[in-house]
Every structure is written in structure tokens, then in C-alpha cells.
Amino acid sequence: MAAYSKSYEVQMRRGVVELCILALLSKKACYANDIVLAMQQARMIVVEGTIYPLLSRLKNSGYLVYRWEESKQGPPRKYYVLSESGVEYLKELLACWQETEQVVNTILDGVEGCISDEPLPRATTPEEGKED
């Protein structure tokens with residue numbers, strides 16, 4: 001895969017991380033490592049360094065609340081859950097995602113038939129197309 005494709009993939013994933021975090025938290029309370037593991041299991045590669053600032057921002061925006069729970073394996077853990085406004089925000093993001101998905105799928109419909117392994121013809125400029 002070309003380097004620009006990997007960069008594009010990172011940008012596309014970055015745009016949906018917030019939606020994925022909120023979706024996970026709508027199912028159950030999680031601490032940061034739970035979120036990272038769940039996303040990695042779904043092949044959405046993220047690291048804790050990405051998750052913590054996002055969780056903090058979502059909490060500061062009023063979309064998340066947290067509670068501390070004792071851990072059998074170390075210090076207490078901060079478990080995040082959606083607030084009422086977080087549920088509403090998730091609904092908005094989900095509606096936006098579904099609309100975006102529908103639009104993109106409409107545009108992409110049939111594109112597989114237009115792509116082959118043969119190189120595309122090189123575009124010519126008007127100057128190159130002139131005959132002497």
C-alpha cells in the first residue's frame with residue numbers, strides 16, 4: 001500500500017475515533033484501557049495517548065461522567081459512562097455518520113468495475129494534444 005494511502009487511512013480513522021468511543025461507552029462503563037483494547041480488537045488501532053486527551057475533552061464538554069472503582073490489579077480505575085447530553089451527542093454523531101456513509105456509498109457505487117490493474121492513460125494538457 002502506498003505511503004499516502006496509509007496517511008489517508010490514519011486521517012479517516014481519526015475522524016471516527018470519537019464516535020467509536022461514545023458508542024463503546026453507550027454499551028457499558030469502561031476505563032481507558034478497556035476502550036483501547038475494544039478498539040484494537042475491532043482493528044481500530046489507537047493508543048492510550050490518543051484516548052486520554054479525548055476522554056478529558058468529552059468529560060469537560062459534559063458528554064461523559066466517571067466514577068472510581070478499586071482494582072484488584074493496582075490503583076483505582078476511572079470508569080467513564082455517557083451523561084444524558086453524551087447520549088444526545090452520540091445520537092447526533094451517529095446520524096451524521098449514517099448520512100455520510102450513505103452519501104459515500106452512493107458515490108462509490110459501481111467504482112470497482114471502473115478500476116483495473118492496468119495503468120490509467122496519462123492525462124494530456126491542451127498544448128500536448130495539438131497536432132503540428
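A crossing of two helices is left-handed if the near helix is turned anticlockwise from the far one by less than a right angle, and right-handed if clockwise. The model shown is predicted, so that local features need pLDDT of at least 70 and side-chain atom pairs count only at pLDDT 80 or more, whereas totals for chains, interfaces and linings use all residues. Residues are numbered from 1 along each chain as its sequence is written, and side-chain values use heavy atoms, with hydrogens and water left out.

**Figure 1. Overall architecture of the protein chain.** The protein chain holds 6 helices and 2 strands (DSSP runs numbered from the N terminus: helices H or I of at least four residues, strands E of at least two). Their order along the sequence is α-α-α-α-β-β-α-α. Of the 132 residues, 23% are buried (under 20% relative accessible area; exposed is over 50% and partly exposed lies in between, with a 1.4 Å probe and protein chains only). The protein chain exposes about 10200 Å², of which carbon and sulfur atoms supply 55% (Shrake-Rupley method, 1.4 Å probe; for residues, only the protein chains shown count as cover).

**Figure 2. Packing of helix H2 against helix H3.** Helix H2 (residues 17-27) packs on helix H3 (residues 32-41) at an angle of about 110 degrees, with the axes 11 Å apart (axes are lines fitted to C-alpha atoms, for helices over the stretch in contact, and angles run from 0 to 180 degrees between N-to-C directions). H2 is therefore roughly perpendicular to H3 (65 to 115 degrees; under 35 is roughly parallel, over 145 roughly antiparallel and the rest oblique). The crossing is right-handed. Val17, Cys20, Ile21, Leu24 and Leu25 of H2 form the contact with Ile35, Ala38 and Met39 of H3 (heavy atoms within 4.5 Å). This contact comprises 8 nonpolar residues, with no polar and no charged ones (nonpolar: Ala, Val, Leu, Ile, Met, Phe, Trp, Tyr, Cys and Pro; charged: Asp, Glu, Lys and Arg; polar: the others, Gly among them).

**Figure 3. Packing of helix H2 against helix H5.** The axis of H2 comes within 10 Å of that of helix H5 (residues 84-108), and the two cross at roughly 130 degrees. H2 and H5 are therefore oblique to each other, and their crossing is left-handed. From H2, Glu18, Leu19, Leu22, Ala23 and Ser26 meet Tyr89, Leu90, Leu93, Leu94 and Trp97 of H5. By class, the contact has 8 nonpolar, 1 polar and 1 charged residues.

Figure 4. Arginine 43 lies in the loop between H3 and helix H4 (48-60). Its phi is near 70 degrees, a positive value in a residue other than glycine. Arginine 43 is exposed, with a relative accessible area of 64%.
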